[in-house]
Amino acid sequence: MDNLKFMIPGKPEYLTMVRLSISSIAMTAGFDIDAAEDIKTAVSEACKLISCHGYDGFSDKYELQCNVEEKRIEILIKDQCELHTLEKLSKPCRNCPKEGDLGVFVIQSLMNEVEFGIEEDGRKSIRMVKIV
């Protein structure tokens, strides 16, 4: 099993780097192009939920953990900041997901397992699993 861990700045412009990285990881792990696209889309939506949703500012940083096994990838995205201080251009953010939003449905429809969590300190996490 390969374990990868990234600390991502919460700025939305880093999302492109996350999408490219997770797609490359999925392809390297043996997922076909369609599955890699599903994973990339789900991770993108999850990052938006973690870094943006419900706050006046973007999360300063969040963590992405990726555990790769044969025919299986597990991704955990966790809010890792105490404050959400990165300024949004508009409030509420035009792209900010809402509870029950399409982004939540997208994640659940593209991944085999999904768990949404809130830690005792209020930090959110999303765990996703995709199986070939």
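Two strands count as paired if DSSP finds at least two bridges between them. Strands (E, at least two residues) and helices (H or I, at least four) are DSSP runs numbered from the N terminus. This is a predicted model, in which local features need pLDDT of at least 70, side-chain atom pairs count only at pLDDT 80 or more, and totals for chains, interfaces and linings use all residues. Residues are numbered from 1 along each chain as its sequence is written, and side-chain values use heavy atoms, with hydrogens and water left out.

**View 1. The β6–β7 hairpin.** Strand β6 (residues 113–118) runs antiparallel to β7, and six bridges join them. Val114 has Met128 of β7 as its bridge partner. Five residues lie between the two strands of this hairpin, and Gly122 in the turn has a positive phi of about 90 degrees.

**View 2. Strand β7 and its pairing with β4.** Of the eight residues in β7 (residues 124–131), seven are buried, meaning under 20% relative accessible area with a 1.4 Å probe, protein chains only (exposed is over 50%, partly exposed in between). Strand β4 (residues 72–79) is antiparallel to β7, with seven bridges. Arg72 stands opposite Ile131, and Ile75 has Met128 as its bridge partner.

**View 3. The open sheet.** Five strands are arranged in the order β1-β3-β4-β7-β6, with antiparallel pairing. Because β1 (2–9) and β6 stand at the edges with a single partner strand each, one side of each has no neighbour in the sheet.
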